[in-house]
Amino acid sequence: MQADRDGVAAAAPTGPRVLLRHLREAMADDLGPQERLDRIVQQIATALGAQVCSVYVLRADEVLELFATEGLAADAVHRAELQVGSGLVGTIAATGHPLNTADAQNHPAFKYIPGTKEDSFKSFLGVPMKRGGRPLGVLAVQTVKAQSFTEEYVEALETAAMVLSDLVASGQLQPLAVDGVGLDAGRPLSRKGTRLASGIGIGRAVLHEPRIVVTNFFNQDEEAESRRLAQAIQAVRESVDAMVLRGFDDDPEGSTEGDHMEVLESYRMFAHDRGWVRRIEAGIADGLTAEAATERTAQENRNALMRSSDSYLRERLHDLDDLSRRLLRELTGHGIGKIDDTDGDPFIVLASTMGAAELLDYQRAGLQGLVLEEATPTSHVVIVARALGIAVVGAVGGIIARAESGDRIIVDGETGVVHLRPLEEIAKGYDERLVFRAERTARFEALRDEPAVTRDGEPVDLLLNAGLTMDLPQIEATGAKGIGLFRTELQFMIAARLPKVAEQTRFYRSVLEAAGDKPVTFRTLDIGGDKVLPYLRTLKEDNPALGWRAIRLSIDRPGLLRMQLRALLKASVGRPLRVKLPMVTMVTEIDQVKVLLDRECEAQARFGHDLPTSIELGAMIEVPSMLFQLDELMERVDFVSIGSNDLFQFMAASDRTNSYLANRFNPLSRPFLRALRDIARSAERNETELQLCGELAGEPLSAMALMGIGYRKISMPPGSVGPVKEMVRSVEMKHLCDAVNDAVDGRMGTQTMQEMLTDYADQHGVPV
Ligand code: PEP
Ligand code: MG
């Protein structure tokens with residue numbers, strides 16, 4: 001298989017078209033899988049005028065094995081190997097991007113692969129082999145002459161890689177280098193990520209952005225293929241146009257401006273772009289099917305945009321990928337590509353990132369878990385998932401790329417491990433754990449009607465965080481004292497357009513009815529930051545978390561807030577109304593809202609409508625500036641409520657949605673607990689009701705710390721009520737307060753708060 005190292009560099013490449021014809025013949029001929037692979041590498045080398053063409057296939061042990069070569073030492077086949085990430089080939093497998101260099105041996109990633117005799121080749125071009133995003137190996141060519149390979153080369157090699165990926169994924173090829181190690185595809189995989197919501201989910205994988213695998217590469221009839229493409233393009237354009245029109249309809253202000261509109265418009269521009277279509281047509285003219293040509297064009301776009309220094313263009317990559325997916329779906333007839341989530345069978349959703357509203361689009365019945373690449377415990381999608389009681393694990397490297405729709409998967413929200421295609425023994429172990437968890441749940445249920453009172457008789461009010469109709473049965477099911485935080489924005493986030501006053505009123509009334517005699521605290525709209533309403537025009541902000549959001553937006557858009565206050569007043573006629581304001585930064589903001597509230601009350605009275613029996617107004621403490629105006633705050637409001645998620649984000653200057661920071665800072669730290677204790681002391685001095693409603697309240701260990709520094713009303717997701725109540729009932733409040741305050745004051749030596757609390761729980765038999 002040694003190439004003629006002197007002569008061939010001069011041979012002109014015969015181009016993609018000829019290569020495609022040869023590939024088609026090699027795939028159709030009656031050959032064994034290895035023979036077929038050998039033939040294909042020869043043909044690629046000849047067609048592209050390269051002295052070397054090699055295929056490296058990814059094995060289950062994350063090693064790339066040389067499976068076939070034209071031009072390197074023949075006896076290196078199935079012997080030469082390389083770790084993912086190592087050398088040029090390993091770098092391509094790790095990054096998923098092509099690598100093109102005229103001087104391979106001086107490239108920083110270069111590593112000589114022993115036994116291959118590759119020293120005399122200067123230029124190197126390698127492209128990843130993937131199927132549906134899953135890495136399968138690398139296809140590379142090398143030449144003696146130093147040259148940078150042209151776009152046309154890269155394109156041709158990528159087309160060949162697409163065809164070869166199908167051969168590799170077919171499972172017919174076998175590695176020889178290591179006995180007992182199979183190929184990567186389909187192997188069991190367990191990876192540890194970050195625990196985001198507890199629980200265990202077992203079911204079939206549903207890819208949130210399903211990939212479409214092209215398996216039909218060569219067209220039989222160019223004209224028929226072009227017609228098929230034209231029809232599919234037409235259908236995609238129509239659906240995009242309809243989407244843009246819908247976008248305009250839903251804009252509450254009837255305006256055509258705004259970020260959202262801009263995005264839709266640029267999307268439409270791409271859909272109608274002639275250049276895009278022409279490149280796909282060129283692929284068909286080369287002999288590809290419409291879907292293979294679409295895939296190839298998408299790959300070209302990706303390569304070009306990734307290289308671009310224009311950040312606007314790089315951002316548009318997502319739009320282009322989405323358009324290609326739509327076109328592929330149209331061409332291959334795959335519906336949305338989700339496995340059917342409506343039959344109630346258990347399933348797990350896998351997404352790189354996702355909004356809270358998108359999660360709610362899934363059928364609740366079978367949804368058991370969520371795997372997210374980018375999220376943190378206080379991201380809103382995670383908060384919603386927790387309210388739904390499903391397990392969530394984040395930052396699980398590589399799992400999503402390797403999963404196929406329908407794979408069996410286990411999400412362990414207790415340990416943060418995800419098992420993809422688990423071995424039978426692992427699956428069995430989990431079945432046993434589910435039985436154990438069922439017993440625990442039964443134990444919590446038995447506590448439902450027992451009071452949340454410490455052993456020395458101190459009551460602690462355990463309240464619910466809620467926001468959706470589906471949360472309401474939880475008031476009854478958990479035995480919670482009431483709703484401490486009703487996130488009203490969730491209704492707005494899942495609606496297609498701004499809910500009208502009557503709709504809001506009906507919804508709030510249903511919440512109050514479900515709560516019966518128990519108190520409900522509604523929070524006014526908290527939008528902005530990572531909570532976006534697709535139909536509401538917002539600003540493009542560099543720092544949305546620090547931006548025009550929550551009460552700031554409400555004050556500037558008083559119409560929106562007054563609509564909501566009116567709905568709350570109407571829904572609460574004949575009973576008390578409790579409202580709290582999110583993200584207050586200056587106490588004067590409360591005064592501004594009071595004016596609006598008074599006006600709404602007057603208007604109601606003027607029209608002869610009854611009012612609630614009482615109205616209590618509270619403020620959330622989520623911005624550190626509030627710590628320095630506590631007395632002014634307390635005298636203005638009926639109650640304060642700490643949003644520990646945001647307060648911590650701003651105190652630690654640590655974005656709550658940034659997964660790189662997820663485990664860096666711990667709210668169970670002295671500075672943060674001191675701040676919370678200052679608030680509690682001020683509330684006591686001012687005789688102002690105090691509650692806390694961040695995620696901190698829902699973990700027994702941190703809830704124990706909160707009790708220690710003076711918190712007696714804490715609001716949490718439904719799944720936390722049982723475990724927190726069990727903790728409350730097993731502690732001595734007085735003793736706990738002394739120990740926690742000593743630790744917060746730094747009188748406990750070098751122990752972290754986390755260690756101190758864990759030791760305390762161990763020593764006093766407190767279940768946490
Ligand atoms: C908080 O910030 O702690 C809070 C309860 O509000 P949200 O999580 O909805 O921002
Ligand atoms: Mg908040």
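User: What makes the crossing of α16 and α18 right-handed or left-handed?
Analyst: The crossing of α16 and α18 is right-handed. A crossing takes that label if the near helix is turned clockwise from the far one by less than a right angle, and is left-handed if anticlockwise. This is a predicted model: local features need pLDDT of at least 70, side-chain atom pairs count only at pLDDT 80 or more, and totals for chains, interfaces and linings use all residues. Residues are numbered from 1 along each chain as written, chains are lettered from A and ligands numbered from 1 in written order, and side-chain values use heavy atoms, without hydrogens and water.

User: Why is α16 called oblique to α18?
Analyst: The axes of α16 (residues 501-515) and α18 (residues 558-571) cross at roughly 45° and come within 8 Å. Under 35 degrees counts as roughly parallel, over 145 as roughly antiparallel, 65 to 115 as roughly perpendicular, and the rest as oblique. So α16 is oblique to α18.

User: Why are α13 and α24 called roughly perpendicular?
Analyst: Helix α13 (residues 424-447) and helix α24 (residues 718-728) pack at about 70°, with axes 9 Å apart. That angle is why they count as roughly perpendicular. α13 passes α24 in a left-handed crossing.

User: How do you know that Arg 487 makes a polar contact with ligand 1?
Analyst: A polar contact is a pair of N or O atoms within 3.5 Å; within protein, one must be able to donate a hydrogen and the other to accept it, and residues adjacent in sequence count only if both atoms are side-chain atoms. A polar side-chain atom of Arg 487 lies 2.7 Å from a ligand 1 oxygen. For Arg 523, a side-chain N or O atom is 2.8 Å from an oxygen of ligand 1.

Conventions:
Axes are lines fitted to C-alpha atoms, for helices over the stretch in contact, and angles run from 0 to 180 degrees between N-to-C directions. Helices (H or I, at least four residues) and strands (E, at least two) are DSSP runs, numbered from the N terminus.
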